[in-house]
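Please look at the sequence and structure below before reading on.

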Amino acid sequence: MSTKHVFESTDGLVFAGLRGAVAVNPAVRLHAPHKVVYLDSPPKDQVSIISGGGAGHEPAHALYVGKGMLTAAVSGDIFASPSASQILSAVSLVPSDKGVLFIVNQYTGDKLNFGLAAERARARDIQVETVIVGDDVSVGRLRGGLVGRRGLAGNPLVCKILGAASAREMPLPLLSALGRAVTSNLATIAASLDHCHVPGRDKSADARGALGDSECEIGMGLHNEPGVRKVWRVKEELGGARELVREMLRYLLDEGDKDRAFVRFERGEEETGPLLMINNLGGLSVLELSAIVSETLSQLEHEHHIFPSRVFSGTYMTSLNAPGFSITLLNVSAAAVSFSTSHTPSPITPSQSPTAAASAGTSTPVAQSAVEDILRLVDAPTDALGWTGVSGGWTRPPRAREEEQTAAEERTRGMAEVDSDAGEGMRSKSMDADIVQRALRSACEAVLEAGPELTSMDTVYGDGDCGETLAAGAKAIQSAWSTIPFSRAAPTVSRISHIVESAMGGTSGALYALFLSSLSTSLRTYTHPQSAADWSRAASDALSALSQYTPARPGDRTLIDALVPFCSALEDGKGLDPAVEAAWVGAEATRGMRPKLGRATACETGCEGMAMAL
């Protein structure tokens, strides 16, 4: 994990971060002396929802201030609880006739300071209720003792549900009951490849308790607190990401683990599935996080027969730049039952306001209506910038993913490639398939042999994918060998074009595919495309077609510097070997050129890759 930061000190960092959070939402303001972000004009007929904690967990909580979520958020210094005075300032900034609800993560400092603020607010005749969020299952009953479970990524979800309920004018006692019902049915576990690093602190591995290159900590807390266990060699002990997710789900779902079985989750397609949230602890790429979502869903559905009713993925509660993630499950059905049985009247429905429900004195059946009430609160709109998630279109699980894939294939079938002799007819003579196969096999082997060197060069000067991209194309051609119609020119080139396009990707992949596709199209127009003259004209046509889609020209230090001499030599009737030699000369000439386009501004590997491919 990187210990490098843009801001190498925490001096003024929290204030700057809060000012930035306020700048992106015109509806919120900042009380700088007490580090409070708050709604400028909160409705007094709604309960004010206030949360907070130490900085370093952004977007929590400043970016959760907005209509339909938090009314105010209070920030301490990095990993330090805000004081009671700060919290009381937040209460003063968002006055309400309906009272105040604190949402507090289960950490000693947060509980003490929010508790003191609550008592002082009550002394001023302000109604205050507190909901404590403790969703970490890695801290079992035995280890947690009197302290209880730590608060993790379940906190933003609680803020979202209670903020939406407040916007529907739910009274304070019901909000508090709903909050307790939700938190008691939350389960979260985190895992990280390393501890986070606080700007300005000692960067040595020993000082920050760094994990080794092959280590992973399961159950790590938001402040680098120890987890349930360290895995010394992730690949060897766990087998990689799949087994890591499997173990994390075991801690969440194993009802036989009496120390950690805090929440029971129903199995089966007929049940309303839990809400699933995959949270980035701050240092994971979006690509990896999405892959974790996919793996988690697959295991939940196929190994546990659990089908989530909602799926959320993003950065919700961080540990600065920790390269890890957490998995949260909310048993929506159990929360609905708990809420409905804890009070009268029953949960809100869209057609019945809290006031109307109270005056009617009726009781809505628990079952599905109460579940849908909570899901509507999850889906309700908010302009809090930090909250991400799709609010519509969800259907009752399980989601028919195989049917979705089949439908996608049906939609794209009309655009599928057709490798046939259409257009070429019977005019062209068959090529010598053996010669073509030997030549193509030799080209693939040469590219694979040169791949590591090209990647090494590109890693130093570019994005490190040149050799890997070319190797991917060569391997794909080898894998699809039996699908290539070697006996006819145009279909052979067309098939290779499609293989290259699918396997290589990126700019270079598109350039290769464009050139080969145009070459195939041109070859179809000639009666005898085996002749050198026809191939040279077809190559020239393909180069002209390619030039319509890229501004690169000879001298720009791109792969065009190798391709143009190759095509020109063919057009001049010099034959294949001299054309390849011309490509190498063109590639070598780029060493002294000043780059003008794309990643070629750093390296000539693209030219050498093209020459090698030719």
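A crossing is left-handed if the near helix is turned anticlockwise from the far one by less than a right angle, and right-handed if clockwise. Helices (H or I, at least four residues) and strands (E, at least two) are DSSP runs, numbered from the N terminus.

The model is predicted: local features need pLDDT of at least 70 and side-chain atom pairs count only at pLDDT 80 or more, while totals for chains, interfaces and linings use all residues. Residues are numbered from 1 along each chain as its sequence is written, and side-chain values use heavy atoms, with hydrogens and water left out.

**Overall make-up**

The protein has 21 helices and 12 strands. Of its 614 residues, 51% are buried (under 20% relative accessible area, with exposed over 50% and partly exposed in between; 1.4 Å probe, protein chains only). Contact means heavy atoms within 4.5 Å. Among contacts between residues at least 6 apart in sequence, 72% join residues at least 24 apart.

**Helix pairs**

Two packed helices are described by the angle between their axes and the distance between the axes. Axes are lines fitted to C-alpha atoms, for helices over the stretch in contact, and angles run from 0 to 180 degrees between N-to-C directions. Angles under 35 degrees count as roughly parallel, over 145 as roughly antiparallel, 65 to 115 as roughly perpendicular and the rest as oblique.

| Helix pair | Axis distance | Angle |
|---|---|---|
| helix 8 (residues 241-253) and helix 9 (residues 286-303) | within 10 Å | roughly 55° |
| helix 16 and helix 17 (residues 506-523) | 8 Å | about 165° |
| helix 19 (residues 560-571) and helix 20 (residues 576-589) | within 7 Å | roughly 155° |

**Helices 16 and 17**

With their axes at about 165°, helix 16 is roughly antiparallel to helix 17. Their crossing is left-handed. Residues in the contact include Val493, Ile496 and Val500 of helix 16 and Tyr512, Leu516 and Leu519 of helix 17. By class, the contact has 11 nonpolar, six polar and one charged residues. Here Ala, Val, Leu, Ile, Met, Phe, Trp, Tyr, Cys and Pro count as nonpolar, Asp, Glu, Lys and Arg as charged, and the others, Gly among them, as polar.

Helix 16 covers residues 489-504, and its end C-alpha atoms are 22 Å apart, in agreement with the 22 Å that 16 residues should span at 1.5 Å a residue. The expected span is 1.5 Å times one less than the number of residues. Helix 16 is mostly covered, with 12 of its 16 residues buried; among them are Arg495, Ile499 and Met504. Gly505 follows helix 16 and has a positive phi, near 65°.

**Helices 19 and 20**

The axes of helix 19 and helix 20 cross at roughly 155°, which makes helix 19 roughly antiparallel to helix 20. The crossing is right-handed. The contact involves, among others, Asp561, Pro565 and Phe566 of helix 19 and Leu576, Ala583 and Gly586 of helix 20. Its classes are 12 nonpolar, one polar and one charged residues.

**Helices 8 and 9**

For helix 8 and helix 9 the angle is roughly 55°, so helix 8 is oblique to helix 9. Their crossing is right-handed. Arg242, Val245, Arg246, Leu249 and Leu253 of helix 8 meet Glu295, Thr296, Gln299, Leu300 and Glu303 of helix 9. This contact has four nonpolar, two polar and four charged residues.

**Helix 5**

Helix 5 (residues 154-167) has 14 residues and reaches 20 Å from its first C-alpha to its last, close to the expected 20 Å. Of these 14 residues, 13 are buried. Just after helix 5, Glu169 takes a positive phi of about 70°.
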